[in-house]
Every structure is written in C-alpha cells, then in structure tokens.
Amino acid sequence: MRERRRLTLAGQFLLLQLVVVALLLLVVGVIGVRQSDASFQNERGPAMRSAAEDTASLPLVQETLSDLADLPPRVVSERLAPLLVRALGTGADDVYVVDTAGVVVAASDPTLVGTRAELGSSDALEGRGWVGDVVHDGRRTAAGHAPVYPADGSGPAGIVVAEQDYPTLRDRLTGSASDLALYLGVGAVLGLVGSFAVSRVVKRGTRGLDSDQIANLADQREALLHSIREGVVAVGTDGRVTMVNDAARRTLGLPDDADPVGRRVDDLGLDPHVVTLLTEGETQDAVALVGTRVVVFNRRSASSHGRGIGSVTTLRDRTELVSLQSQLSSNLSITDTLRAQTHEFDNRLHTISGLVQLGEYDEVRTLVGDLARHRSEVGAFVSARIADPAVAALVVAKDSVAAERGVELVLDAGSRLSALPADVSADLTTVLGNLVDNAVDAAASLVEVWLTEVDGDVHLRVRDDGPGVPVDLREAIFVRGFSTKPEVLGGRGIGLPLVQLICTQRGGSVEVGRAAEEGGAEFVVVLPRSMREGVPS
C-alpha cells in the first residue's frame, strides 16, 4: 500500500492558521451577536417602560383598576383592550394589564387574559417602574413595567406591562449582515492571506520538510557532528559561531561550562592567528599551534541557494604526527651523517689501500695521522664549548656532511652551551639539524653556527653565504609544503615549519634575515629551557 502523503511543516502551519482564523471569526460572530443583544436591550427596554408608563397614566386605565372588584372580567377586558392595542404602535409585541395578584385582566392578545403573568424580578407591584428581560417559555423579551395609581391616591392597583421580543439569531445576523459580513469577510481574507504568506516563508525556510523530518535531521546532525574525530566549527557572516562539535571544543581548548554558539569568534579567548584562520579567507592545510597542540586548519565558505551563509572550518590534531616528524627528521639527519661518514671513510680507505699497494708507507702514516688529528681537533673544539653530548655529537656529525658537500661548517669560538634537559636537548637537535641542513644546501662555501645561553634560554644562530631568502618569502618558508628545492619522494617543506612549531610550542621564536650585506641567510632561534609562563604545558 502506498504510504499516505504527510503534510509538510508549511502545510501543517497553514492548516493550523486556518483553524485559528475560523475560531477567531466564530468569536467575532459571538461578540457581534452579544453586542446586538446589548444594543437591543439598551434601546428597547426604556422604550417599553415609556410605553407602559404612558398607558398606566391614562384615566380610563386608572378608573377601571380602581373599580376592578366591581366589574366583570369581560367588561374590564373590553374597556381596556383598545387602549392596549393602540400602545402596540410603540413597537411592543404585547401590552397587558396585571392586577395585584399577578393575573392578566386585559391584554392586546386576548388569549393572555386570565393567565398568570411572568414578571421576572420586577418590583413594579411595589410602586416602582422596572426595565429588564423576561423569558416566556423560552422566548426572551425586553419588558417595561409601570404601576397604575387610582385617582384616590391609594397604593398601586396593578401594573401595565409592555414587551418586545428579542430578534431571533437569524434575524440578528440578518439585521447586522452588512456590517458583520464586511468585518468577517475582511478578517477572513486577511487571515487567509497572512497564513498563506507565513506558510510560504516557513516552506522556504524548511525546504518543504515536515516536523518529524526536521527533528530527524537535527538528531542525525547532532549524532554525526559529535561523533566524528575531526573538529568542525561553523561561523556565520557576522563572525559568530553557529555550530561547534565536541572534537573542536577539545582541540581549541574551549571550556565545557560555556557554550560558544552565538558568541563572536574573537570573544572566545583564542590566539589572534587562530581567530584569523576561523574567520578570514579560505585556508588549506594551514598549520597553527593551539596551546600544545599542532592543529591543521581547512576553511571553506558555505552558501545556500547562491547566498553566502558563513564558513565551515575543519580541525585536525596533528600533534602526534609532528612529534613523529621530529623524530623522523632527527633519524634522517643521523642517517645522512652516517652515510657521509661512511662515504668519507670509504674514500680514505681507498686512498690508504692504494698507498699501501704502491709501498708508500710513510705517506700512509702521514695521512692516518692527519685524519686522526683533524677528528681529534674537531671533537675537542666542539666538546670544549658544547657540554650537551647530543648537541655536540650532532655538530661533529654535521661537519662531515658539510665537508662531503664541499662546505666548511664553523662553530663560532664564542659558543657556550651547558648540558640540557633531555626534552630541550631533543628539540634543539631537531632545530639545529634542520637549520644546518638547509644552510649547507644553500651555502656557497661556508656555514657558521653560534650557540649560547642567555638568562636560561638557548640562543642559536645559523648563517650561510648562499643567495639568502627574499623578503617576500620570509613568511612563506615557514608554511608547510613550501620549498624552493626540487620535489622528492615524501615531499619537502617540512623542516622550517617544524622548527617554527617547536620554537613556538616552547614559548620561543625563530627569525630569518640577511647574514651580511654581501648576501646569505641568517636564522636566529630562541629556545627556552622550560615552557614560558602563559604557554600550556
């Protein structure tokens, strides 16, 4: 069986609005009828009292009621009936005379004579005029009562009653049909037009979905966004957060007790660079440090039906990956050093083997002595200035790599470095290894390294005599993936971004400039022994 087609939310809203309009029209109709009744009572009640008072003041009526005990009922009715019929000209439907016992003695309608009158709450028999509503067998009338005083001035001898029936509901509606129809018609048209307009707006905003479908979409959205590992942040065109999932809150370090939705991004206490990545332009694989986390940002603009509605940024925590890259960089540096030393060792062995075969034993002795002395001098020179074993070993090893490339690596004689904590030593070897490798690649013939400590911070300077770094590229070289070298397997552009991340993570800095007027590049690094205050640990 075909599933019964359900109304969309817009359709449900339109139907509900129509019901509301119908109820409002019903209420308006009831109020109109009640107002009609009130107007009839206010207008016809006093008129009926006036008619009753005029009739009660007639001498014949007063004389007849004074002699009521002596006159036969037929005579009383025949004498007063013409006067009562004449009173019908005031608009009354019934006019009759009631004696003090409440019995009709004369009436414009002869069938009422002898019946007991329905006087409601009237106190006219006590000598006061009265106006009000009286119900006769379900028939509602506007009544006016007036006491009849005999000529001798004694108490009331009876009362005159003038009554006019209330119009039926049909008559009341028919009587006010023109005004009521106008009001109800205008109200109905306005209600229908308004309901239709609102339903169109709702339909456009809800894509024609019904309430259950919208609820299911909302549930699925929440489940999806809060279950994925990547952070997702949506920002509106006004710079306010419209959505953020759990992973993004953890990655950005947002507190759990404060809901960021609805707040401006620059009010969340984030680093200005992170705020820029979340709000400005489109970014692809932009790396930033958020606390101690290395986060990759990808931002794309979002639109609906060609209208921009903001942007969506995904966040990927790459802290572990960067740590692995740091270890890999150190391992690659060691591998290159071992390869260079192996290559150098092979060359020396081949030279020695050739000299032995030629019988040049004195030359062999001289060559071996020179090699041993050079290694000893380099080791002694470095060890005297750098007390940290890992950093000293790296400098010695890089000397061999530079020599293989035809570049002289010089450690500044003013360098002084004490033993470092293991974590600082590991970070420094990564930073130094990457900077020296880049300098050796770029240098023409010379690379200079200077290491020292100032107020507990490690200061490092690496210079080369190469072409230098153009001013317009001094920021780009720290972007992941940027490189002026030929592409190789595994990619380039990792070393300098890694250097910057390590420095920033420890609360330090890295700057690039010109080594001298004649050219070359100079990298200056400040690496604290411990995390600076304000930098998460």
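Q: What do the residues lining the largest cavity divide into: nonpolar, polar or charged?
A: In this predicted model, the lining divides into 3 nonpolar, no polar and 4 charged residues. Here Asp, Glu, Lys and Arg count as charged, Ala, Val, Leu, Ile, Met, Phe, Trp, Tyr, Cys and Pro as nonpolar, and the others, Gly among them, as polar.

Q: Which residues are they?
A: The largest cavity is lined by D412, E448, V449, W450, R461, V462 and R463. A cavity is a set of points on a 1 Å grid over the protein atoms alone where a 1.4 Å probe fits but cannot get out, and lining residues have an atom within 4 Å of a point.

Q: What's the volume of the largest cavity?
A: About 40 Å³, taken as the space filled by probe spheres set on the grid points, which are joined across faces, edges and corners. The structure holds 3 cavities of 30 Å³ or more.

Q: Which strands supply at least two residues of that lining?
A: Strand 12 (446-454) and strand 13 (457-464) each do. Strands (E, at least two residues) and helices (H or I, at least four) are DSSP runs, numbered from the N terminus.

Q: New topic: how many salt bridges does the structure hold?
A: It holds 15, each being a side-chain nitrogen of Lys or Arg within 4 Å of a carboxyl oxygen of Asp or Glu.

Q: Where do E53 and R49 sit?
A: Both are in helix 1 (residues 9-56), and because they are 4 residues apart there, about one helical turn separates them.

Q: What about R529, which residue does its side chain meet?
A: E453, in a salt bridge of 2.7 Å, N to O. That pair links distant parts of the chain, with R529 in the segment after strand 15 (519-528) and E453 in strand 12, 76 residues apart. R529 is partly exposed at 25%, and E453 is partly exposed at 25%.

Q: Where does the numbering start, by the way?
A: Residues are numbered from 1 along each chain as its sequence is written, and side-chain values use heavy atoms, with hydrogens and water left out. For this predicted model, local features need pLDDT of at least 70 and side-chain atom pairs count only at pLDDT 80 or more, while totals for chains, interfaces and linings use all residues.

Note on methods. 1 Å grid on protein atoms, 1.4 Å probe; cavity = no way out; pocket = protein on both sides within 12 Å on 5 of 7 lines; lining within 4 Å. Buried < 20%, exposed > 50% of the residue type's maximum accessible area, 1.4 Å probe, protein only.
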